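User: Please take a close look at the strands in this structure, and at the charged contacts that accompany them. I am new to it and would welcome one connected account.

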Amino acid sequence: MRTYAPASTETVLQRLLEEPSLASGVVHHARLPAREARTEPFPDWLDPRIARGLEARGITSLYAHQAEAISAVHAGEDIVVVTPTASGKTLCYALPVLQALAEDPSARALFLFPTKALGQDQVAEFAGLAQASDLQIAAATYDGDTPAPIRSAIRTAGQVVVSNPDMLHSAILPHHTKWFQLFEQVRVIVIDELHTYRGVFGSHVANVIRRLLRLCEHYGSRPVIVCCSATIGNPAELAAQLTGRAPRLIDRNGAPAGERHVLLVDPPLLDQASGARLSALTHVQRWALPFLRAGRQTIVFGRARVAVEIILTGLREALREHLGPRSRIRGYRGGYLPTERRAIERGLRDGEILGVVSTNALELGVDIGALDVSVLAGYPGSIAATWQQLGRAGRRQDTSVGVLVASGSPVDQYVIHHPEFLLEGSPEEARIDPDNLHVLLAHLRCATFERPFEPGEVFGPGAVDDLLAFIAESGHIRQAGDGKWYWSSENFPASEVSLRSAAPENVVIIDNTPDRPRVIGEVDLFAAQVLVHTQAIYLHESTQYHVDWLDWGERKAYVRRVDVDYYTYANRAVPLKPLDVFASAETTGGRRVHGEVMVASLVTLFKKLKFGTDENVGWGPIDLPELELQTTAYWLTCEDAALGWRRDELDVALLGAGRAIQAVASVLLMCDPRDLGLVSQVRSPHHEAPTIYLYEAMPGGVGLSERLFKRHDELVAGARELIEACPCQSGCPACTGPRLDPDVDGKALALRLLHALDRPAMRTDRCVAGCAGSAHVCGDTLAEPASVGLS
């Protein structure tokens with residue numbers, strides 16, 4: 001029997017570093033020193049009741065950034081607060097709102113959070129502070145879970161309305177006449193977790209904010225806007241794009257922090273020739289288990305739902321075998337019911353739950369208490385997201401540990417072998433395009449429904465009469481004799497616009513195991529194709545369910561509980577068809593193109609893989625309709641570079657070169673690797689030539705492909721350098737991807753193709769150390785960056 005003796009975080013870490021099999025994989029160990037608090041007294045204008053309430057909760061002074069923020073809001077300035085996780089951003093907007101309500105109970109405030117969980121979390125926090133201050137304030141959540149009788153009470157009497165952009169878009173703005181007290185008296189609008197409003201979702205939300213401020217102006221109010229964000233590269237720019245105003249940036253963090261250990265870990269190599277490594281999902285368990293056995297609260301992040309369930313199953317099995325605290329380890333991800341997620345959050349705060357395995361659903365600021373250790377199974381896709389997840393540990397002034405266990409992907413390998421990229425690099429910039437024509441037209445329809453447009457009225461980039469005239473051709477709006485534009489259709493436009501995805505519907509998962517069927521979760525349509533197809537093994541809190549039938553038409557999956565030693569993995573085929581060319585130019589070996597494409601998602605078969613070994617023990621067909629995504633892409637044709645090639649070799653070369661280009665692109669643009677999809681075609685029907693496509697994995701795109709088109713030379717040169725620098729023999733997951741045929745030298749074929757596509761000048765512009773481009777290990781820089789520097 002193994003004992004589970006409590007031990008400090010430092011003690012457990014020291015034991016792990018003394019274990020040779022684990023210590024040998026530590027590529028870099030950074031110690032970030034503790035940081036003292038910088039505080040300021042409460043301002044003189046703060047209501048004495050609020051000051052007493054803060055003191056009753058143990059707060060006797062404000063951090064420097066909190067003091068600066070509340071003074072700016074009190075003076076009527078729009079602000080954006082950018083400080084790390086657990087630095088007390090909530091008080092930056094809670095105190096000015098409490099002060100406004102203390103001075104005038106008829107005042108109103110609107111809090112917007114990207115998720116329902118965050119909204120409910122903050123209502124409890126705000127209500128507790130108001131109660132401690134002896135202020136009777138009606139603060140309530142208005143979201144999809146709010147019962148109908150309570151909704152009417154919130155509309156008429158809610159002083160602080162907490163919601164999310166989706167409800168604001170579909171349930172508040174279209175019915176603004178029922179909310180006239182809010183729109184007339186709103187003093188402060190809070191937009192929390194600003195960094196999540198990126199891409200298509202952020203572009204939609206920017207237009208929702210335009211509609212919100214348009215109605216505020218109509219009702220005679222001009223609220224102050226408070227944005228809060230984790231660390232990103234362009235917070236002030238993003239806030240300005242999202243709100244249409246120029247906010248004051250507050251980024252001098254005054255909160256204290258304990259010492260933090262950050263370890264970058266490479267799993268052991270299993271096969272030198274193929275470059276295959278132990279799975280990151282398996283290796284994270286070896287790092288997390290000792291902390292759990294020592295009673296240290298630990299969070300493990302997986303990059304996908306299946307990854308979370310595999311890690312959770314492994315941890316529970318390991319703890320069960322040795323009589324460990326198995327029941328105190330929980331999973332947390334999208335698809336769990338709201339009541340399950342609230343119970344897990346509460347358990348983490350209370351200390352009842354010792355460990356949690358989560359997707360990035362817990363990356364945001366949901367209050368889960370003070371954790372000791374954060375272990376990441378793979379690079380999350382961005383510097384900002386990595387620090388958000390690492391920052392989930394160390395929410396007190398105690399020592400904390402963050403461990404990043406790399407997968408075998410090229411980006412993961414680059415990050416851990418270039419620690420300066422993570423530890424010293426600037427966080428990514430969040431990009432949105434609120435003036436995207438598809439998005440703008442959709443919200444113009446919604447805005448016209450809410451209130452008629454005056455002739456020459458500005459919405460977004462300028463006067464919108466021409467766009468309104470275009471919409472009028474479809475019969476939805478009309479221009480009356482007074483010159484105004486009115487909604488003239490029976491349709492409800494907001495119901496036709498999804499802010500978040502191309503497939504707004506979900507599939508409900510129904511467990512038929514008990515006598516009475518019960519709903520255990522839900523997944524979106526794209527995820528349903530691979531997670532709950534007929535005969536799939538669906539994992540929920542490490543419990544296995546067999547999907548007996550997916551009723552695609554009714555959006556229901558019927559499952560029953562089973563106990564098997566395998567999980568299922570579905571192969572997704574991605575047919576791609578170009579629709580339009582925006583820009584094209586000749587380049588070495590072919591052409592570079594930027595345009596619009598239609599990408600289909602077609603799932604055709606699934607594999608049965610054993611837990612632990614991933615051994616393939618069976619397969620089956622999947623018969624589901626394909627889903628389509630219209631987006632933008634960058635692509636590279638290789639008509640000249642591929643002359644004289646055999647078809648089978650060219651197929652391997654295109655895929656290997658494409659994977660390297662995809663890896664370089666995500667580093668070059670500092671975007672999540674999952675934001676860019678890859679398709680290679682030996683003979684593209686559009687160009688009748690070998691072609692590599694990188695498409696944006698979101699409807700309409702957000703400008704990534706245009707930037708790739710402009711930086712084509714750096715992409716090709718960086719991909720060549722990435723493969724050349726890899727120590728493998730014939731290609732591996734860290735450069736050209738997994739070897740499909742052991743007798744084919746994928747590395748040599750990919751390099752041969754990339755040399756034919758790379759400009760000769762690019763190959764000579766190198767620094768003394770052999771690096772190229774702007775990211776140099778040696779520290780030198782070039783006047784004309786030649787590549788992304790993956791050497």
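Analyst: Strands (E, at least two residues) and helices (H or I, at least four residues) are DSSP runs, numbered from the N terminus, and two strands pair if DSSP finds at least two bridges between them. The model is predicted: local features need a pLDDT of at least 70, side-chain atom pairs count only at pLDDT 80 or more, and totals for chains, interfaces and linings use all residues. Residues are numbered from 1 along each chain as its sequence is written, and side-chain values use heavy atoms, with hydrogens and water left out.

Strand β11 runs parallel to β18 and is joined to it by six bridges; here R260 stands opposite S400 of β18. Strand β17 (residues 373-377) is also parallel to β18, with five bridges between them, and V373 stands opposite V401. Buried means under 20% relative accessible area, exposed over 50%, and partly exposed in between (1.4 Å probe, protein chains only). Six of the six residues of β18 are buried, so the strand is largely enclosed by the rest of the structure. Both of its faces are covered, with S400, G402 and L404 buried on one side and V401, V403 and V405 buried on the other.

A salt bridge is a side-chain nitrogen of Lys or Arg within 4 Å of a carboxyl oxygen of Asp or Glu. R277 and D266 form one, their closest N and O atoms being 3.3 Å apart. This pair links distant parts of the chain, eleven residues apart: R277 belongs to strand β13 (residues 276-277), and D266 to the loop between β11 and β12 (269-271). R277 is partly exposed at 29% relative accessible area, whereas D266 is buried at 7%.

A further set of strands forms an open sheet. Seven strands take part, in the order β6-β7-β5-β8-β9-β4-β10, with parallel pairing. The edges are held by β6 (139-141) and β10 (248-250), each with a single partner strand, so one side of each is left without a neighbour in the sheet. On average, neighbouring strands of this sheet are turned by 15° against each other, direction ignored; axes are lines fitted to C-alpha atoms, for helices over the stretch in contact, and angles run from 0 to 180 degrees between N-to-C directions. Within the sheet, four bridges join β5 (residues 108-112) to β7 (residues 160-163), and F111 has V162 in β7 as its bridge partner.

Helix α11 (residues 235-243) lies across β4 (79-82), β8 (186-191), β9 (224-229) and β10, and runs at about 140° to β4; contact means heavy atoms within 4.5 Å.

Salt bridges number 28 in the structure. Among the residues involved, E68, E77, R248 and R252 are linked in a network. Another salt bridge joins E125 and R57 at 3.2 Å, N to O. E125 lies in helix α6 (residues 116-132) and R57 in the loop between α3 (48-56) and β3 (62-63), so the pair ties together parts that are 68 residues apart in sequence. E125, at 33% relative accessible area, is partly exposed, and R57, at 38%, is partly exposed. A further pair is R49 and D47, with closest N and O atoms 3.1 Å apart; R49 is partly exposed at 30%, while D47 counts as buried at 14%.
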